[in-house]
Amino acid sequence: MGNSDSKLNFRKAVIQLTTKTQPVEATDDAFWDQFWADTATSVQDVFALVPAAEIRAVREESPSNLATLCYKAVEKLVQGAESGCPSEKEKQIVLNCTRLLSRILPYIFEDPDWRGFFWSTVPGAGRAGTDEVDDDSARPLAESLLLAIADLLFCPDFTVQSHRKGGPDTAEDIQSIDSCEYIWEAGVGFAQSPPLNYIHDLNRTELLKLLLTCFSEAMYLPPSSENNILNPWVTFFCSTDNRHALPLFTSLLNVVCAYDPVGYGIPYNHLLFSDYREQLVEHAVQILIVTLEHEGSPAASSPHTDSPPATATLDDQDPVGPDNLFVNYLSRIHREEDFHFILKGVARLLTNPLIQTYLPNSTKKIQFHQELLVLFWKLCDFNKKFLFFVLKSSDVLDVLVPILYYLNDARADQSRVGLMHIGVFILLLLSGERNFGVRLNKPYSVRVPMDIPVFTGTHADLLIVVFHKIITSGHQRLQPLFDCLLTIVVNVSPYLKSLSMVAANKLLHLLEAFSTPWFLFSASQNHHLVFFLLEVFNNIIQYQFDGNCNLVYAIIRKRNVFHQLANLPSDPSSIQKALQRKKKSPEAISRTSSQEGLSMEGSRPAAPAEPGTLKTSLIATPGIDKLTEKSQVSEDGTMISLQKTDSPQTPSDNSGIAGVSDTESNSGRDNECFLVLQDVFYTETERRRLSNVSSAAQWIPTPDWVLSWKTKLPLQTIMRLLQVLVPQVEKICIDKGLTDESEILKFLQHGTLVGLLPVPHPILIRKYQANAGTAMWFRTYMWGVIYLRNVDPPIWYDTDVKLFEIQRV
């Protein structure tokens, strides 16, 4: 039968389904077979031939027909899984049912009355083999479907290479094969690399697409702060009921980490043949991040090395469902060679979009870096041994550089605000470990094309220069991230041996911008940014004075900024005057006072989103005080967790609305911060929307409030440094008639302040800590990325998603 005929028949069957008012009997095989038996329709065909309106019409007007269609399609997959699809026809039926279910499921999920349908037992479901045990025949449809997909993913000659020894008639019994021998790719726990077979890759991709669609029920529930809402599909699939859980987890992880998009290094090879592996890898990483969703169990985040399964270590009061085996396996990986394989693979893929060769477009560019960042996050969060491995050598820099590249590249693009957050979260997590700060001292010599000033220095300089660029020339939605960015710099500052002049000037430019009276008085928490920066300077002066003559020189040159801070006026008329001055000149933190100099070769400026770009909304991320917990570094380098008290670093605040944090509607400081920064950062429509939010919380700075934090500004060390060094530097300049920086730097390099500075304060690290707010943020971000990335076919497009809003930039 020709392809056009089969499409015609398929389309006829769809029309019959919508027009038949009488329920069609499940036993009417002649009718149901039209959907899968005689047709060869691609997944794109299925989406074109089964329009959304018709699926909804069947759902509303002949629900029993829709129920039977789903049940019969699942039944065909179960039969295929049991028989092992020995014939081409059976393989085709399985693929047709897979595509049809991928099309229909989102419309089942969007209707609350239908959502339980797959979890009900359908009479006769699972009885295909007739000799089945009775309890199996009463499986909910969802379980039968998930187990069939798992079996089909290890089906010899369909999705894996057959190991058959005899002739073609000795079919392998799919129910008794050990799927651990059929893992898709060498890597963690598996040494053989099966030959590439693009048909197998295509079939796996179709099944994973359906699996992802099953898991996507999460998209149809509104975001909630209840972190322990389990996704029943994921919970069952990652439980001991799925006998393929381990080989499948291993296959997905290995396929992702072994993938090399550049292929055999022949330029333009991706233009000559289609790369089926890429689609497979993309779906594999999406399945991994969805199945690894942390279900709020404390056990999952602690590395169990030789402990019993996590269920045994859970707190009594924790109502967690069955243990998620994927989280469990991920947290148990412990061999150095496995860590090396994973880290190398993730770093290779993250770096891929940065590879600029002299032949434009000569290497294949992957698009799934956001999913990779979520996967890397989960690896570090669930497996502490992996985190320590990453930080043990300078390999961590192979992940740091691409992250900084993405942050710099996305800073002007509103549609990529989620990417900015995940990148900053990863750096916050890493910065809580001493080794990260130490690694940053490695010289930065690999030149990735970024539009940042050219400098000679270390990876720490790169980090500071990029952060400065984000703060001074990113778009307004990034305001809530300023606290996080500066916290990262504070965390690494005690370990930075020598900052370049460029980076030192950037830090002082930030202090200058954040300590202007209008900025300090515009919002109840803006002064925290000044506290963070002063803490950075204090850490470097106290612990790394010797190599940091550039920073010391920059502090001396900008000494008036520190004197002005110390003498900040707090009387009502000065406060008013500062705020009035702001209204006259809407010049926010900008690059005016900071010479940008030349950008790197080959760099392009960060571009805003193309008009019409779709983006998904994100829920609030918690404020920095909720995101981190303070730890003190003791003499021997160990960390001591500090009780949460009201420390000078985050002075309390009399406005009564501290800690409000929301990336979308109110900023990471309080609502009123937006009121004042509106005219600088917002378009007219956003301003109107925000003024409604802010007017309720109109906030006025008072003299008492200014004094409450001004008296705690940690200026003693810097003032002492200035008191000792400024006269000496001035004397040299007069005596030698110097105007040359290098001579002054030479003097500062050999200077010492031993015994002249206050006693060093203990190093304070703010370590990332998980909480319900970030868990929910990750869920909305991850599904938002998956929604926008699955456009061919557009699985969820035009369905009534509740987890986020789809917006046009």
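K802 counts as partly exposed because its relative accessibility is 39% (buried means under 20% relative accessible area, exposed over 50%, and partly exposed in between, with a 1.4 Å probe and protein chains only). D800 is also partly exposed, at 39%, and the side chains of K802 and D800 meet in a salt bridge, 2.8 Å from N to O. This is a predicted model, where local features need pLDDT of at least 70 and side-chain atom pairs count only at pLDDT 80 or more, while totals for chains, interfaces and linings use all residues. Residues are numbered from 1 along each chain as its sequence is written, and side-chain values use heavy atoms, with hydrogens and water left out.

**Salt bridges**

- Side chains of opposite charge can pair when their charged atoms come close.
- The count here comes to 32 salt bridges (a side-chain nitrogen of Lys or Arg within 4 Å of a carboxyl oxygen of Asp or Glu).
- E293 pairs up with R779, with the closest N and O atoms 2.5 Å apart.
- That pair links distant parts of the chain, 486 residues apart: E293 sits in the loop between α13 (276-291) and α14 (298-301), and R779 in helix α36 (residues 772-789) (helices, H or I, of at least four residues and strands, E, of at least two are DSSP runs, numbered from the N terminus).
- Both E293 and R779 are buried.
- R56, R59, E60, E110 and D111 are linked in a network of salt bridges.

**Cavities**

- There are six cavities of 30 Å³ or more (on a 1 Å grid over the protein atoms alone, sets of points where a 1.4 Å probe fits but cannot get out; lining residues have an atom within 4 Å of a point).
- The second largest cavity holds about 120 Å³ of space (a volume is the space filled by probe spheres set on the points, which are joined across faces, edges and corners).
- R779 turns up again here: 13 residues line the second largest cavity, and A218, L221, I229, N231 and R779 lie nearest its centre.
- That lining divides into eight nonpolar, one polar and four charged residues (Ala, Val, Leu, Ile, Met, Phe, Trp, Tyr, Cys and Pro count as nonpolar, Asp, Glu, Lys and Arg as charged, and the others, Gly among them, as polar).

**Cysteines**

- Searching the whole structure turns up zero disulfides (pairs of cysteine sulfur atoms within 2.5 Å).
- C155 is in no disulfide, and its nearest cysteine sulfur, that of C85, is 4.6 Å away.
- C155 counts as buried because its relative accessibility is 0%.

Definitions and conventions:
On a 1 Å grid over the protein atoms alone, a cavity is a set of points where a 1.4 Å probe fits but cannot get out, and a pocket is an open set with protein on both sides within 12 Å along at least five of seven lines; lining residues have an atom within 4 Å of a point.
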